[in-house]
Amino acid sequence: MHRFLSVIGLALKFLLLVLTFSFAVHAPADAQGLPSGFVRSQIAQVSAATRMAFAPDGRIFVAELGGRLRVIKNGALLGAPFVTVNVATGGERGLSGVVLDPNFTANHYIYLYYTATTPTIHSRLSRFTANGDVAVAGSERIILELDTQTATVHNGGALEFWYDGTLFICAGENTTPSNAQDLTNLLGKILRIDVRSDDFPDDPHRNYSIPSNNPFRTIAGARPEIWAYGLRNPWSMAIQRGTNRIFINDVGSTRFEEINEGHAGCNYGWPLTEGYTTDSRFCSPFFTYNRNTGFPVGCAIAGGAFYNPPVQKFPGQYLGKYFFADYCNWWIDTLDTTTHTATAFATGLGNLSGIDVGPDGNLYYLQIELTTGTSTVNRISYNGSLAPQINTQPADQLAPVGYPATFTVGADGETPLSYQWQKNGVTIQGATSSNYATPAVTLNDNGATFRCIVSNSFGSATSREAILSVTTKQPPIPTISSPHPNTYYNAGDTITFAGSAVDGHDIVTGDPQDGVLSPSAFTWTILFEHHSLSNPNHHTHPFFPPTSGIADGTVTLNFGETDPDVWYRIFLTARDSYGLSQTIFRDIFPRHVQLRVTTNPALFSVKLDGSPKAAPYPFWSVVHLIRSIGVDTPQVVNGLTYDFVSWSDHGARTHNISAPSTATGYVANFWKRPGYGSITANPNPMQVSDGSGAGATTLFWSSGQTNEVEVHLGAPRGELVARSGSGSFSQLTNKSIHEGTKFYLQDVSNHQPLTPTFTLDTVTLHVTTAPTASITADPNPFLADSEGVGQTTLAWTSYGTSAVEIHVNGPNGPKFAGGDPGTFSMSTGHWVRDGMTFYLQNVSNGLPLTAANTLARVTMAGLTPSPPTGSISARPNPFTPDSQGRGQTTLTWTSAGITRVEVHASAPNGNRLAGSGPGTFSAATGQWVRDGMTFYLQNVSNGLPLTAANTLAKVTLTASQ
């Protein structure tokens, strides 16, 4: 909470802060650093530049966010734009991509990526045909329409042709993180298409073909244009000349900026991971830098370019290096692609929106001044000189009496550079920085000249003499009447801005100047500010572009940033007929609310805006901002599988919320899949011969989908006999078990109560004084071969005897096995036939092999080999769910050509519901079935594994609406 308070306090302190004049020159920083021998020069000044592209004949095409494509020819900006497209505005919307066709010299094609306004707001790729320095009227051909945008930022826009003539398109996720992982839409992706042919001749909005080796073209439901995915805002990309290596620059969220090496089919992980990762599902970045620590430090990677030009101008140490720029921290660094290490190159450049290496071997960059919307196109070149060289001359200034004037100089050369300003050729004491602000000027200062001498150990350079003109006119005084001071907003609010201005009076004559200024004298600009001014990561986004000629207006505050440390700054500039202006601003801050997402039980992870978080997860949000909450299902914790049931606000598993105005918690309810288990006793019955009526036995139990079970005597809450985890266990009882004693196997996972609801199985024990026995065969029926022969395993138990034997096909038939009382088993070998009977004979004390001494018998049945078949159905289906979305049904299954089948829930190896032999059987589910649950009929004959290959049939349940 403290950081929000610090922002508000700072805003109140500086609520009506800045006085600026049209005669003041903006300087990005006190000093602009370049390595020795490099110089910088300004090529042109444009409006809100986003991208540039170089023509083979040396022209530079520069895209302006407002929709104009400008042309720089022979070093000069042409007055007429190449083309102006109608764009949606606000935030990063507008014209944000330009690339020339590889065969531009012959076909004159130029491709633009811009935010279209109809039928919905979305990004569009179009082709235009050049006729000299302008586009042929009506030549626009729509190539590709992207998905509808709901936010003003994270739109991408970079366009690059690859060596094979296919076109890459960078698309942001539009502040909906889940888009990045969703292959059914184009957002948060790198797209690759071929604009030379058309796979969709009947669709006027898809004039391209899909490359045959695009990785998702054959994936059902996936958009075939997708080449890579899992990106947040890939604002720029670069392709290395000669190697065709691809680097994708992805603007990060709160931790890392990424340079990703481009590979077909890569998932770069957003929003599930950010920065380096060892998760095999994702392609880890080639290089990252942090927003707070290490080197470099920055907050938004704005561009990148390999230094492999056709004409090399930079020293050899730069060949093959990757130049990359940061928007917030005003620098360009180099990356060694062999060692993965970064080195500082240029600093103090201002907010950067793009960089590129020109075919002339120089480095070009775009700088943007967001308050005024002006941009400069700049060139960095190498001449080997270490002495200072002036790259920005001080401009002439006009200042009213009583106000200061500011002069600025820019220079390159070996650092450190020293600055000394002079007035009328006389040194000004203490004026030793690249900026010099005069004291309040008087009429005596009119016509004074100011110059700066820049020096270092290798020499010096003297700037031009800038002339100061002093006027007795005074600048206008603007006033912002709306929004009022201390205004707070909710996301999505529509606010009104309004203002007025009165011009000053001549300070000597007292004569009024322009009086009350008309709206034609006003310019409004609104910036979206991210982080407080004292935060080193503070940076600014364009929101409402500089707009002149209005006294008021409305704007909807819908910038989609989820970080709560945000605010808006509203600027009003008033300019009079004498060229004097004054700018004021008003800050408005959001209302905040603390929200919380968790789960019940509080064991699972949640997703906030698509990113995984450990529950419970509290977070701050701007009120009414749209946030996304969700969970994965199923989730496994401590060996138990849980399925999502519902959210406390009744939303879908992943759904959007509008942050309420009061603290609110959201709970995702999970349901543990039912445990299953069995309990038996051996011996049962127990042979008792001492007259006590009590005996001892061994209890055997096993369970699954549990982490703790208990065995209780007589009732679910009876005396505790044993406790174990999941798996198979046994325990010997004492000699106190009487006829009818019952044991309960209870699922006590997660402290479930000792009630019949959580009883997994029971076993009732019996006592006898007469010899008892049983014999079984598994499998029975058995699968016979073509000769009608098969095999099985016999299992037998006897009590009250001293010796038993097993004979074949009669009490006195061939002996198969013999032994003591107890439980035994033995395989037969491959000789068993249909109808063969095994006799368990009591031979205690030499009893004869007669029917009178037969304790038990089992007759075999053989199955003629045939393909296994099966079917399964549910009734009712659809079922009627309760308020928790659960219901019940009855499953019916039929099978043949098998010896054993099982029914499993949700997967071939999911929870076991029932088992049977061949034939038709039914079983009720209980009140736990959910919409979309699938039951699998599995062939488990002769121990076949629970895999999809052994699934005979399946049925999926649907909840009625």
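How much accessible surface does the protein have, and what share of it belongs to carbon and sulfur atoms? The accessible surface comes to about 39500 Å², with 51% belonging to carbon and sulfur atoms (Shrake-Rupley method, 1.4 Å probe).

Before you zoom in, note that this is a predicted model, in which local features need pLDDT of at least 70, side-chain atom pairs count only at pLDDT 80 or more, and totals for chains, interfaces and linings use all residues. Residues are numbered from 1 along each chain as its sequence is written, and side-chain values use heavy atoms, leaving out hydrogens and water.

**View 1. Arg 70 sits in strand β4.** This strand covers residues 68-73 (strands are DSSP runs of E, at least two residues, numbered from the N terminus). Arg 70 is buried, with a relative accessible area of 7% (buried means under 20%, with a 1.4 Å probe and protein chains only).

**View 2. The side chain of Arg 70 has polar partners at Glu 64 and Leu 78.** With the side chain of Glu 64, the Arg 70 side chain makes a polar contact at 3.3 Å (a pair of N or O atoms within 3.5 Å, one able to donate a hydrogen and the other to accept it; residues adjacent in sequence count only if both atoms are side-chain atoms). At Leu 78, the Arg 70 side chain reaches the backbone oxygen at 3.1 Å.

**View 3. Here are the contacts of Arg 70 beyond its neighbours within four places in sequence.** They are Val 46, Ile 60, Phe 61, Val 62, Glu 64, Leu 77, Leu 78, Gly 79 and Pro 81 (contact means heavy atoms within 4.5 Å).

Technical notes: Helix = DSSP H or I, 4+ residues; strand = E, 2+ residues; numbered from the N terminus. Buried < 20%, exposed > 50% of the residue type's maximum accessible area, 1.4 Å probe, protein only.
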